[in-house]
Amino acid sequence: MEVDNINTIAVLGAGNMGHGIAEVAALAGYEVNLRDIKDEFVQNGYDQIEWSLDKLAEKDQISDEEADAALDRVTPIVDFEEAVEDADFVVEAVPEKMDIKKDVYGELEEYAPDHTIFATNTSSLSVTELSEVTERPERFCGMHFFNPPVRMQLVEVISGEHTDDEVLDLTEDLAEAMGKTPVRVRKDSPGFIVNRILVPLMNEAAWMVESGDYTVAEVDSATKFDMGLPMGSFELADQVGIDVGYHVLDYMNDVLGEAYEPCPLLVEKVEAEKLGKKTGEGFYDYDEGGADIPTDAGSEDAVRRLQAVMANEVAKLVANDVADPDAIDEAVMLGAGFPEGPAKMADDAGLDALADTLNELHDETGAARYEASDYLREAAAEGGFYGGDEESEGEEGAYDYDNIRVEKPGEMVGKVVLDRPHRMNTVSEELLDELGEAVEALTEDDDVRALLLVGEGDKAFSAGADVQSMAAGGGDPIQAVELSKKGQDTFGKLEACPMPVVAGIDGYCLGGGMEMATCADMRVASDRSEFGQPEHDLGLLPGWGGTQRLKHIVGEGRAKEIIFTADRFEAETMEDYGFVNEVVEVPAFEDRAFELAADLAAGPPIAQKYTKRAMLAGRDDTDAGLEVESQAFGHLMNTDDLMEGITAFMGDGEPEFEGK
Ligand SMILES: C/C=C/C(=O)SCCNC(=O)CCNC(=O)[C@H](O)C(C)(C)COP(=O)(O)OP(=O)(O)OC[C@H]1O[C@@H](n2cnc3c(N)ncnc32)[C@H](O)[C@@H]1OP(=O)(O)O
């Protein structure tokens with residue numbers, strides 16, 4: 001079966017995950033049978049879908065017509081046979097109890113057509129064990145969505161022991177057709193990828209406090225502000241539910257052994273029913289304002305310990321062939337919002353140092369959880385999980401980055417894609433470094449004569465500085481000055497790049513993202529794009545050149561309006577203000593942005609370079625600009641490009657400039 005043969009999807013269970021998955025499937029154009037055991041359950045799920053679709057339409061993420069059409073595709077059903085008899089694919093999302101799920105599969109096998117694929121949305125149970133209840137274990141896999149499915153990009157596609165590869169391929173195709181990013185989990189291993197990293201992290205946080213060496217505030221400050229993770233470890237445990245984390249850990253403990261022994265601190269919380277946010281109290285008291293994490297209570301020791309434990313989990317997953325480091329990193333960034341994956345973080349920290357930390361803790365405590373996996377040392381000897389190959393040449397020659405992609409789509413265009421769609425292509429320090437390097441390398445690349453700068457995905461060009469990784473600086477003023485300078489300098493490279501630069505903007509273009517786009521020579525935007533400098537709303541100012549560069553494009557009055565109001569502006573308004581050169585409807589946007597870049601790439605490189613240089617030099621000093629202009633005018637007299645241009649003009653042809 002191919003993904004195109006899937007028309008009807010049955011979603012079993014209309015709870016939080018079930019109705020969310022049904023919504024995603026309906027939005028992707030599938031007929032969806034949403035089934036639960038009682039009318040009121042299934043109706044409640046249906047109402048939630050309606051509410052969520054309305055919200056998407058309110059936010060202009062879909063049109064009213066698309067919302068209505070998606071809802072029309074969902075049929076709420078209680079009768080089991082009716083729900084599955086015409087289903088090509090079934091996603092089961094009933095409660096996380098082995099017995100309940102097994103009963104459901106018994107019934108499902110009875111009524112589902114032979115060709116139907118079964119996928120369980122379990123986050124913690126064995127896919128293999130569930131598959132063995134059915135008569136089609138080879139057409140059974142895990143399809144683990146994250147909560148809420150409509151917003152979370154990641155789907156872990158898990159192979160059971162008997163699953164056919166074609167079934168995994170098809171399930172990945174289906175996840176992509178639903179607009180999600182699938183990550184393959186090659187083995188049915190407890191916690192799969194994301195929970196396998198997060199749950200031991202929470203457990204280690206608890207052991208650190210249990211040992212008396214750290215407080216909750218110190219561990220959470222280290223996690224959130226030193227490591228830059230979206231939440232403190234305890235804050236995360238409270239958010240997920242301490243009981244949920246505990247049950248996954250308990251299962252890991254059963255299957256994987258002593259290294260996953262739950263910390264007594266977690267057990268105490270579960271026994272006292274202080275389960276986190278949902279019960280009003282966990283590690284934090286939510287009647288008293290919840291998590292209030294100090295920005296400066298972390299320490300290098302605490303960070304190293306948490307990183308060492310995560311690195312050990314990465315090593316075990318890789319050694320056991322569950323997933324590769326890049327799949328682990330992608331899954332954890334998409335599923336847990338980490339700014340960087342745990343394998344990359346561990347490589348940066350140094351695997352030998354992390355293994356030493358584990359050894360020291362093991363010597364001190366004798367606890368199995370600190371036994372370093374053999375593979376951790378092996379990977380260290382090979383230069384890291386990525387084998388020290390981060391600098392190696394990728395398909396596009398030397399262009400191999402983590403936060404951006406460089407492509408050469410032809411016609412002498414160098415395309416730079418801001419590639420952090422899981423975080424709205426926000427700009428981290430690493431992204432700045434990579435962008436600066438890429439602009440320099442592209443400038444030297446003979447195959448490239450114009451740059452096209454775009455954002456990955458359809459949500460954002462860039463939503464600005466990554467506030468989370470900015471907070472990871474712990475609010476240090478000196479570091480912030482340096483960060484501001486780095487952004488100014490990097491975008492300055494774009495501005496001073498001798499080639500024409502086009503920014504292709506589709507979606508949000510905010511804060512630092514707008515400051516980056518300001519440094520392009522021309523801006524093409526889709527009609528759904530929104531612009532703004534929201535920094536004043538955060539008590540900041542546009543510190544990557546926004547106070548200086550924007551006014552040269554829109555004038556000081558408009559620049560002040562944009563910065564002081566911190567409002568969001570539509571593409572057409574920004575066209576009126578002179579910021580956007582051209583607004584294009586969404587379907588035509590990509591082609592038009594490329595076409596403009598390709599047009600500019602066909603222009604005379606030397607004249608273009610000097611034009612940019614003269615205009616930049618003349619920005620604050622017209623005489624200096626005029627001087628550059630006249631000198632450049634003289635230089636151009638001596639170029640082959642001038643002859644080519646004039647000959648083509650006389651002969652009525654198109655010039656072919658060579659930059660000579
Ligand atoms: C010197 C330069 C300074 C600056 O640039 S300061 C930053 C300026 N930028 C902003 O203030 C924009 C902040 N973001 C927003 O206002 C909203 O987001 C949007 C309007 C862009 C989108 O809203 P919606 O569609 O409702 O999505 P969502 O749930 O808010 O965001 C999706 C995920 O993206 C993360 N995110 C968005 N912007 C940033 C950011 N600037 N820094 C870090 N993360 C960001 C969110 O947190 C969330 O993540 P999760 O799904 O994990 O909850």
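Helices (H or I, at least four residues) and strands (E, at least two) are DSSP runs, numbered from the N terminus. In these terms, the protein has 28 helices and 18 strands. The structure is a predicted model, in which local features need pLDDT of at least 70 and side-chain atom pairs count only at pLDDT 80 or more, while totals for chains, interfaces and linings use all residues. Residues are numbered from 1 along each chain as its sequence is written, and side-chain values use heavy atoms, with hydrogens and water left out.

**Overall form**

- Along the principal axes, the C-alpha atoms of the protein fill a box of roughly 85 × 60 × 50 Å.
- The radius of gyration of the protein is 27 Å, which agrees with the value near 26 Å that a compact globule of 660 residues would have. This radius is taken over C-alpha atoms, and the globule rule is 2.2 Å times the number of residues to the power 0.38.
- Of the 660 residues, 52% count as buried. Buried means under 20% relative accessible area, exposed means over 50%, and partly exposed lies in between (1.4 Å probe, protein chains only).
- Among contacts (heavy atoms within 4.5 Å) with a separation of 6 or more, 70% join residues 24 or more positions apart.

**Annotated domains**

- The unreviewed UniProt entry assigns "domain: 3-hydroxyacyl-CoA dehydrogenase NAD binding" to residues 8–188. UniProt positions are given in the numbering used here, feature names are shortened, and annotations may be inferred rather than shown by experiment.
- Residues 8–188 are 43% helix and 22% strand, and the end C-alpha atoms of this span are 27 Å apart.
- The feature "domain: 3-hydroxyacyl-CoA dehydrogenase C-terminal" is placed by the unreviewed UniProt entry at residues 191–286 and 303–383.
- Residues 191–286 are 61% helix and 0% strand, with end C-alpha atoms 28 Å apart.
- Residues 303–383 are 74% helix and 0% strand, with end C-alpha atoms 21 Å apart.

**Helix 12**

- Helix 12 spans residues 264–271, and its buried residues are Leu-265, Leu-266, Lys-269 and Val-270. These residues lie on the same side of helix 12 because they cover an arc of only 135 degrees around the axis. The arc is that of the directions from the helix axis to the C-beta atoms.
- The cover over the buried residues of helix 12 includes helix 8 (194–210) and helix 11 (242–256).
- Glu-273 follows helix 12 and has a positive phi, near 55 degrees.

**Salt bridges**

- Side chains of opposite charge can pair when their charged atoms come close. A salt bridge is a side-chain nitrogen of Lys or Arg within 4 Å of a carboxyl oxygen of Asp or Glu.
- The whole structure holds 42 salt bridges.
- Lys-274 and Glu-281 form a salt bridge, with the closest N and O atoms 3.7 Å apart. Lys-274 is partly exposed at 32% relative accessible area, and Glu-281 is partly exposed at 27%.
- Lys-344 and Glu-340 meet in a salt bridge of 3.4 Å, N to O. Lys-344 counts as buried at 12% relative accessibility, as does Glu-340 at 14%.
- A network of salt bridges links Glu-340, Lys-344, Asp-348 and Asp-402.
- Arg-423 and Asp-466 form a salt bridge, their closest N and O atoms being 3.5 Å apart. Arg-423 lies in the loop between strand 10 (413–418) and helix 18 (429–443) and Asp-466 in the loop between strand 12 and helix 19, so the pair ties together parts that are 43 residues apart in sequence.
- Arg-423 is buried at 18% relative accessible area, and Asp-466 is buried at 2%.

**Two individual residues**

- Glu-515 belongs to helix 21 (residues 512–518). Glu-515 is buried yet has no salt bridge, and the nearest side chain of opposite charge, Arg-549, is 7.0 Å away. For charge, Lys and Arg count as positive and Asp and Glu as negative; His and the chain ends are not counted.
- Leaving aside residues up to four places away in sequence, Glu-515 touches residues including Phe-491, Gln-533, Glu-535 and Trp-544.
- Ala-463 sits in the loop between strand 12 (460–462) and helix 19 (467–471). Ala-463 is partly exposed, at 27% relative accessibility.
- Not counting residues up to four places away in sequence, Ala-463 touches Met-424, Asn-425, Thr-426 and Leu-510.
- The C-alpha atoms of Ala-463 and Thr-128 are separated by 41 Å, and these residues are 335 residues apart along the chain.
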